[in-house]
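The following note concerns domain layout, helix packing and the ligand site. Please read the points alongside the model.

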Amino acid sequence: MSEIPDLEARIEALLRDNAADPAVLALLQELYDRYRTQERLLDRLTHISDRFQRAERDRGQSYAENYQRKVRQIEKIVRISDQYQSMLRDLNDRLHTISTQDELTGLPNRRFMQARLTQEIAQAERNGSDFCIALADIDRFKAINDSCGHAAGDTALAQVAEALAGNLREYDVCARWGGEEFLMLFPGCGGEAALVLGERIRNAIEADASRRPDLPPITVSMGLTQFRPGENLDATLKRADDALYAAKAAGRNRAVLA
Ligand SMILES: Nc1nc2c(ncn2[C@@H]2O[C@H](COP(=O)(O)OP(=O)(O)OP(=O)(O)O)[C@@H](O)[C@H]2O)c(=O)[nH]1
């Protein structure tokens, strides 16, 4: 390669000095000019090719950067969507809890129990299975509120709820039905067995409250009844309510089976 500039120098010198035959010189000049033109052309092509390669490399890099940016954006969107979904799940859980649970006692609320009883009736009608309900009402609760204060009344309600829930069988359900009333469901249970269960629960409530020095004595009255096939929920509830009334009328702190 190093010989070419030397050859060029010699040809240029020859052309400059006009030392050779003019015809040969003219041909040489023409050849030399062509050579120089080709060389410039080659230079330009090389230059264009370099620029093209650089542009391609730059474009490749910006594609890669763009791709990475998009991947990061998508990852961020996925993270946000995950957080949003888990927030929605929590909200849903919370909504479900609020709509089915009593805030003060933590027991299922009236709405939950009504739905549960409707299910139980459907099942009893289908299978001929037995179930009983028990309506429990705290005795002279107004007096507890009046003498000890509303907050103590709330504590008494929570205490009764705990004693109720703690003395049920696994498949029994107890809900706060209203103010100082609780409704229990004993699936697969006939009237006599329910009465034994009710008495056990009633005694447990009295015993538990007596162990609380911060609470006045607490007792409950209870009305129980067995579901009768063909009747609706209101009829069963009415019978339990009547039995509760009878328990109150008979002196309270007792369970009556309708
Ligand atoms: N602290 C408190 N009191 C409540 C709540 N819900 C209802 N009560 C009260 O419960 C009392 C119920 O009183 P009554 O219906 O007269 O019945 P009672 O005093 O229990 O008498 P008997 O049922 O006849 O034994 C009322 O004073 C209500 O204000 C509650 O969530 N918290």
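1. Domain bounds are those of an automatic or database domain assignment. The assignment divides the chain into domain 1 (1-100) and domain 2 (110-257). Taken over C-alpha atoms, the centres of domain 1 and domain 2 are 84 Å apart.

2. Basis of the model. The model is predicted: local features require pLDDT of at least 70 and side-chain atom pairs count only at pLDDT 80 or more, while totals for chains, interfaces and linings use all residues. Numbering starts from 1 along each chain as its sequence is written.

3. Helices α1 and α2. Helices (H or I, at least four residues) and strands (E, at least two) are DSSP runs numbered from the N terminus. Helix α1 (residues 3-17) packs on helix α2 (residues 22-100) at an angle of about 135 degrees, with axes 10 Å apart. Axes are lines fitted to C-alpha atoms, for helices over the stretch in contact, and angles between N-to-C directions run from 0 to 180 degrees. This makes α1 oblique to α2; angles under 35 degrees count as roughly parallel, over 145 as roughly antiparallel, 65 to 115 as roughly perpendicular, and the rest as oblique.

4. The α1 and α2 contact. The crossing of α1 past α2 is left-handed, that is, the near helix is turned anticlockwise from the far one by less than a right angle (clockwise for right-handed). Ile11, Leu14 and Leu15 of α1 make the contact with Leu25, Leu28, Gln29 and Tyr32 of α2; residues are in contact if their C-beta atoms, placed from the backbone, lie within 7 Å. This contact of α1 with α2 has 6 nonpolar, 1 polar and no charged residues. Ala, Val, Leu, Ile, Met, Phe, Trp, Tyr, Cys and Pro count as nonpolar, Asp, Glu, Lys and Arg as charged, and the others, Gly among them, as polar.

5. Helices α4 and α5. Their axes come within 6 Å and cross at roughly 135 degrees, which makes α4 oblique to α5. Phe141, Ile144, Asn145 and Cys148 of α4 meet His150, Ala152, Gly153 and Ala156 of α5.

6. Helices α5 and α6. Helix α6 (residues 191-210) packs on α5 at about 135 degrees, with axes 9 Å apart. The crossing of α5 and α6 is right-handed.

7. Ligand site. Which residues come nearest to the ligand? Of the 17 residues around the ligand, these are Asp139, Phe141, Lys142, Gly153 and Gly179; a residue is near a molecule if its C-beta atom, placed from the backbone, lies within 6 Å of it. Elements giving two or more residues to this shell are β1 (131-138), α4 (141-148) and α5 (150-166). The shell divides into 5 nonpolar, 4 polar and 8 charged residues.

Notes. Two residues are in contact if their C-beta atoms, placed from the backbone, lie within 7 Å.
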